[in-house]
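Here are my notes on the model, as numbered points. Please read them with the coordinates open.

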Amino acid sequence: MNSNDPNHSPLRDVAQNPEATARYLADVQRVLLDIGRNLETLAQEIRVHCRDTHVEGDRFYDAWLRAQPVERAFKDVLKNVEAVTKGLEKGAYKRRAHDEAVANTARKRKEKELEKRRKKNPQLLQAAPNPPQPGVQGQNFGYGGPTSIYDMGNRESA
């Protein structure tokens with residue numbers, strides 16, 4: 001990072017680091033919020049001045065009508081400043097999310113590859129044999145018992 005390098009840009013370093021990007025955008029946002037407060041004050045002063053400017057022969061609402069376009073213009077400017085500050089927050093969030101997505105991409109690809117391999121070559125699971133318990137008959141015919149009366153063994157039919 002030689003500052004004498006003609007291709008060196010200080011914002012390039014900021015863009016490469018999500019924390020630095022967030023700090024930079026927060027600083028810009030603070031400046032814009034300060035500018036927004038100043039513009040709000042200016043808009044109020046302009047509103048008062050424009051509405052109080054009467055010309056001889058005006059009806060009571062003529063000054064108000066003349067002030068409306070000016071007030072609307074400042075209102076639009078304030079709305080745009082607010083939108084820019086919200087956009088800066090969103091941009092910082094998206095920048096951090098991008099880095100997290102890049103960091104997780106390799107892990108997700110490995111997981112997908114393992115899942116593909118499992119689907120192509122499923123492992124056959126062997127049932128664990130039940131150890132014989134003393135005092136219990138060798139066959140336990142519960143619900144999965146005999147299918148006909150001839151397979152009942154030593155059990156009695158109904």
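1. Val28 is partly exposed, because its relative accessible area is 27%. The classes are buried under 20%, exposed over 50% and partly exposed in between, with a 1.4 Å probe and protein chains only. Val28 sits in helix 2. Its C-alpha atom lies 8.4 Å from that of Thr85, although 57 residues separate Val28 and Thr85 along the chain.

2. A word on provenance. The model is predicted: local features need pLDDT of at least 70, side-chain atom pairs count only at pLDDT 80 or more, and totals for chains, interfaces and linings use all residues. Residues are numbered from 1 along each chain as its sequence is written, and side-chain values use heavy atoms, with hydrogens and water left out.

3. The protein has 3 helices and 0 strands. Read from the N terminus, the order of elements is α-α-α. Helices (H or I, at least four residues) and strands (E, at least two) are DSSP runs, numbered from the N terminus. Of the 158 residues, 15% count as buried.

4. How do helix 2 and helix 3 pack? Their angle is about 170°, and their axes are 10 Å apart. Helix 2 is therefore roughly antiparallel to helix 3. The contact between helix 2 and helix 3 draws on 22 nonpolar, 6 polar and 9 charged residues. Axes are lines fitted to C-alpha atoms, for helices over the stretch in contact, and angles run from 0 to 180 degrees between N-to-C directions. Angles under 35 degrees count as roughly parallel, over 145 as roughly antiparallel, 65 to 115 as roughly perpendicular, and the rest as oblique. For residue classes, Ala, Val, Leu, Ile, Met, Phe, Trp, Tyr, Cys and Pro are nonpolar, Asp, Glu, Lys and Arg are charged, and the others, Gly among them, are polar.

5. The largest pocket has a volume of about 220 Å³. Helix 2 (18-52) and helix 3 (62-120) each give its lining at least two residues. Helix 3 provides the largest share, 7 residues. The lining includes Glu40, Arg47, Glu71, Phe74 and Leu78. By class, the lining splits into 5 nonpolar, 2 polar and 5 charged residues. On a 1 Å grid over the protein atoms alone, a pocket is an open set of points where a 1.4 Å probe fits, with protein on both sides within 12 Å along at least five of seven lines; lining residues have an atom within 4 Å of a point. Grid points are joined across faces, edges and corners, and the volume is the space filled by probe spheres set on the points.

6. The salt bridge count is 11. The rule asks for a side-chain nitrogen of Lys or Arg within 4 Å of a carboxyl oxygen of Asp or Glu. One of them joins Glu82 and Lys86, at 3.5 Å from N to O. Both residues lie in helix 3, 4 residues apart, about one turn of the helix. Glu82 is partly exposed at 46% relative accessibility, whereas Lys86 is exposed at 53%.

7. Arg107 pairs with Glu111 in a salt bridge, with the closest N and O atoms 3.1 Å apart. About one helical turn separates Arg107 and Glu111, because they are 4 residues apart in helix 3. Arg107 is partly exposed at 43%, and Glu111 is partly exposed at 45%.

8. Glu115 and Arg118 form a salt bridge, with a closest N to O distance of 2.8 Å. They are 3 residues apart in helix 3, about one turn of the helix. Glu115 is partly exposed, with a relative accessible area of 37%.
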